[in-house]
Amino acid sequence: MAEQELHFTDEELNEIEKIKAKFPTAKAATLRVLWVAQKKYGHVEPEVQALVAKTLDLPESHVHGVASFYTQYYKEEMGKFVLDVCTCLSCQLCGGYDVLHQIEDRLGIKAGETTDDGLFSVQEVECLGACGYAPMVQITNGVYANNLTEEKVDKLLENLKNGKMPEFESMVMRQNEKRIKAATE
Amino acid sequence: MPEVFIDNERYEFEGDHMALQFILDQGMEVPFFCYHPSMSIPANCRQCMVKAGQYIKDDETGEYELDENGERKIRWFPKMQTSCALKLQDGMVIQTQETSEEAERAQKDTLELLLINHPLDCPICDQAGECPLQIQTYKYGPEGSRFEVKKVHKPKRVELGPRVTLDAERCINCTRCVRFTEEISETNQLTIVSRGDKNYPMTAPNQEFDDPYSMNTVDICPVGALTSTDFRFKARVWEMNQTPSIDITNGKGCNIDLWTRDNQVLRITPRQNKAVNDYWMPDEGRSAYELFNENRASRPSIKLDGSNQSNTSWNNAIETFAETIEAHSGDDVLVIGSPHASVEENYALNKFFNLLGASNARFTPHIIDGYGDGFLITDDQAPNTNGCRLLNLNETDHKDLATAISKAKVCIILSDNLVGRKVVAASDLGNTYTISFATNMTETAKASDLVIPITCVAEHAASYVNIDGRIQRSFPAKETKYTNRRLNLEMSEGRLDRYGTNFDNWVSEEHKVDCLPLWDFLNKLAERLGLDYHVNHSRTILAEISSAIPSFENVTFEKMDEQQGIQLNLDNQKIKQK
C-alpha cells in the first residue's frame, strides 16, 4: 500500500471540489472527503489520511484526529462486509450476544477480527438506535438487518457470501404494527 | 462606566474583558486548566465555573428592580458559567467559589471528574510541585473519589518527538499543547486523537513532534502529561532555585529562568516578557544549560611547550599576562570584543586596554543568514551584537579580522569562539601570542597561549542588548570558587530555613568553577601593572557606561528590573533586524 503513490482521480477530485463548495472552509469538508476516500480504498489508513490532508491542504494531524474520533472510519483494512453487531442494552436483552457468538462461530473469527479471505469483519458495537427491532446488525456502515434470529443470521451470511446485500427495510415497531395496518386499510 | 459585581465587590471596567482574566487581574483566583492568556479560549476543562447573573433593569425607567428588602433583584443565568469565556457586561453579578457554595461545588465536582482516569502518580511525576492539577486538587478538589472502578489505561512514555515525552494517562485533554502548535508555533503537529475517556494528544501517524518550539508545550501542560525528555527525573522542582536571566543562544534575548541545584543549572524555562518573548522560547535556548555546566574553563591554563596547555595558578597567569603586555607596545595589541559577552565585559575590556594604548576593540557579529524564523529564532547567534555596536566597538568582517590578527603581536579575545565559528583558523592564531578570556574550553580557547577563565551569564550580573535594541540583564545563579551565596546579595539563596541542612538546594559544594568575573581579573591585572583602574561590580561599570555613552543614558540595573529591560534608541546604528 505504502509503496504506490495514492491519488484521487479527476472524477473524485471533482466530487471533492463540489463538497468543498458546500462549506465555508476546507477544514469543514474533512468528514465528507474522508468518506470519499474510504469509499475508494475501503479504509482510511495513515497513507489515505495523508492523501486527504494533502488534497484539502490541511495538517495531517487534524485529519488524523478527525478520523480517529469516528469509529465508522476504518483506520485499518477491514473485510468487504463489516458486521457491526449491537450488544448494547436492548439488543443484549433480545439476544445480541447470541447473534455475535453465532457469527463468530460460523466465520471462525472473534469480534474485532477479519476472515482470511477478507470477506468479513465482525465488531461489537454500542447502540445503533434500532432498539425497537433488536437484535440487529449493521453492514459496513450501511443497511441494518433487523429482528434477527438464528435462521436469519445464517441466511444473511449466505447472501453476503454470494455478494447479495440485504435490502433496506422500513421498520415499524411491533406494538404499532396493528394500528398502522388498520390505518392503511 | 460599566460595572460588575464580583464576590459582592463592585468593580468598574472598560472595553472587552473575560471574567476569568478580569478576576485574575484583580489578584483574585478562580481555578482553571485550559485557559491561557496568549491563546484562544476553548473552555473545555470546565474548571473555572462561577455563578453569574445580571441585575434586572427596568427598560423604560432604566432603574434597577428592587426586591422587598430594597436589594437589587438578580436574574441568575440558568447554569454555571465558565468564567474564561464569560464576557463582562454592565451590571453583571459574579460569584466565585469564595462566595457561592454552588460554584465551589461545581469546581469540586469538575475536579472529581477530571481525576477519574488520572493515575494520581504524583510521587513519581515530574510535574509534582508545579502542577496546576495537583495544586488545585488540594485547594478545591474533593477529599476522595467515588469512582472506584478500574481506570482507563492509555499509552505511557511515548516519545512524541526528540525533546518531548508523553504520558497520555495523566492528560486531561485541555488542548493547550494542540492550540500552541496551531496558534503560536503554527506547525499544526499535534491533535487530540480518539474520543471519550480514551483521548489524548498525538502527532499524525509516522510524524514526529520536532517543532523548534516543542518544549513550550511542556511548560504550559497543566499536568505531567508532556514532560521534557532531557529533564525528566533529574530533579524535583522544589530542590531547585529559580533565577531570572537572559537567553544567550540567539539575538532575541528571550527572558528565561535558570533552575539551579548544587551550583549546576539543570533546566531553563521561559519567563514572561510581553515586549520580547511573551511566554515562549525556542528549544535551542533550553539546551544552553550544558554550556554553563560542562566543558568550562576552570583555573587559568597556559601553553608551555608546543600546543600542550596545562593549568597554572592565578598568580602565574597574572604575571604572564602582565609580562606579555609590558613586552609589547599598545599598537601591537589587538583587542577583540565579543557579541557573545555582555555590555559590561566588552566595555571594561576595551577601556582597560585603551588605557594601555591599544586601539579600539574590534568584534565580529555572529550571524547565519536564513537561520531565523521571524519569531524567536534569529539569524543573529549572539545575544549582544547591538551592545557591541552601541559601545562603538569596530565591527569587523572575517577577512579584516584575520588580517588584523596576522599583524598583531598580542591578540586578546573575549569569550568568542572565533575558531569554532570559522571566522579564523586555529593556525591564524599561531603567530601571535593569543590570550583568551573564556567561559568554555572552545577550539579558540584550546588554540590560545593563555586562557583566563571568566564567569558566564549564569554566574554574574550583566546586561545584553538584543536585536531590537532592548537591554536586559542577568543575575548570578550559581556560585564560583570565589563567591558565596550568603555574601552575594544578588543571588537567590533558596529557603533560609533550610540553609546548611540536608534539605538545602546546595547539598554539595562541588560544581563550582574556578573563574573570575572579567572585571575582577582586570582589577588584579591593573594592580600588578600599576594601572589606575578599578571597578567593584558590573553595576559600577554600567553606571560609567551610562554616563559616558549617550545611547545608554539613564540605564541602570534597577530600571531594567522594574521594566523588564529598557528599549534603547538604535537610530544612530545600522541595525540589521533579522
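**Entry 1: the contact between the chains**

I started where the two chains meet: chain B puts 13 residues into the contact and chain A puts in nine residues. I am working on a predicted model. I then asked which element supplies the largest share of the side of chain B that touches chain A. Strand β9 of chain B, residues 190–193, does, with four residues. I also sorted the side of chain B that touches chain A by class. I noted seven polar, five nonpolar and one charged.

**Entry 2: chain A, overall**

I listed the elements of chain A next. I found eight helices and four strands. Read from the N terminus, the order is α-α-α-α-β-α-α-β-β-β-α-α. I took the extent of the C-alpha trace of chain A along its principal axes and got about 55 × 45 × 30 Å.

I looked up the domain assignment for chain A. It gives domain 1 as 10–69 and domain 2 as 81–163. How far apart are the C-alpha centres of these two domains of chain A? I have 29 Å for domain 1 to domain 2 of chain A.

**Entry 3: α2 and α3 of chain A**

I kept to chain A and turned to helix packing. For a packed pair I note the angle between the axes and the distance between the axes. I took helix α2 (residues 30–41) and helix α3 (residues 46–56) of chain A. Their axes come within 10 Å and cross at roughly 135 degrees. Are α2(A) and α3(A) parallel or oblique to each other? I wrote down oblique, because roughly antiparallel needs an angle over 145 degrees and roughly perpendicular ends at 115. The crossing of α2(A) and α3(A) is right-handed.

I then wrote out the residues of this contact. From α2(A) come Thr30(A), Val33(A), Leu34(A), Ala37(A) and Tyr41(A). From α3(A) come Val48(A), Leu51(A), Val52(A), Thr55(A) and Leu56(A). By class, the contact of α2(A) with α3(A) has eight nonpolar residues, two polar and no charged.

**Entry 4: α6 and α7 of chain A**

I went on to helix α6 (residues 96–107) and helix α7 (residues 150–161) of chain A. They pack at an angle of about 40 degrees, and their axes are 10 Å apart. I therefore call α6(A) oblique to α7(A). I checked the hand as well: α6(A) passes α7(A) in a right-handed crossing.

Which residues meet here? On α6(A) I have Val99(A), Gln102(A), Ile103(A) and Arg106(A). They meet Glu150(A), Val153(A) and Leu157(A) in α7(A). The residues of this contact divide into four nonpolar, one polar and two charged.

**Entry 5: chain B, domains**

I moved to chain B and looked up its division into domains. Domain 1 is 3–114 and domain 2 is 122–228. Domain 3 is written in two stretches, 301–459 + 514–538. I took the C-alpha centres of domain 2 and domain 3 of chain B, and they lie 46 Å apart.

**Entry 6: a sheet in chain B**

I finished with a sheet of three strands in chain B. It is open, and the order is β23-β24-β25. The pairing is antiparallel. Which strands are at the edges? I noted β23 (463–465) and β25 (566–567) of chain B, each pairing on one side only.

I looked at one pairing in detail. Strand β24 of chain B, residues 470–473, pairs with β25(B) in the antiparallel sense over two bridges. What stands opposite Ile471(B)? I found Ile566(B) in β25(B).

Key: Residues numbered from 1 in each chain as written. Chains lettered and ligands numbered in written order. Predicted model: local features only at pLDDT ≥ 70, side-chain atom pairs only at ≥ 80, totals over all residues. Axes fitted to C-alpha atoms, helices over the stretch in contact; angles between N-to-C directions. Parallel < 35°, antiparallel > 145°, perpendicular 65-115°, else oblique. Left-handed = near helix turned anticlockwise from the far one by under 90°. Contact = placed C-beta atoms within 7 Å. Nonpolar A, V, L, I, M, F, W, Y, C, P; charged D, E, K, R; others polar. Domains from an automatic or database assignment. Pairing = 2+ DSSP bridges.
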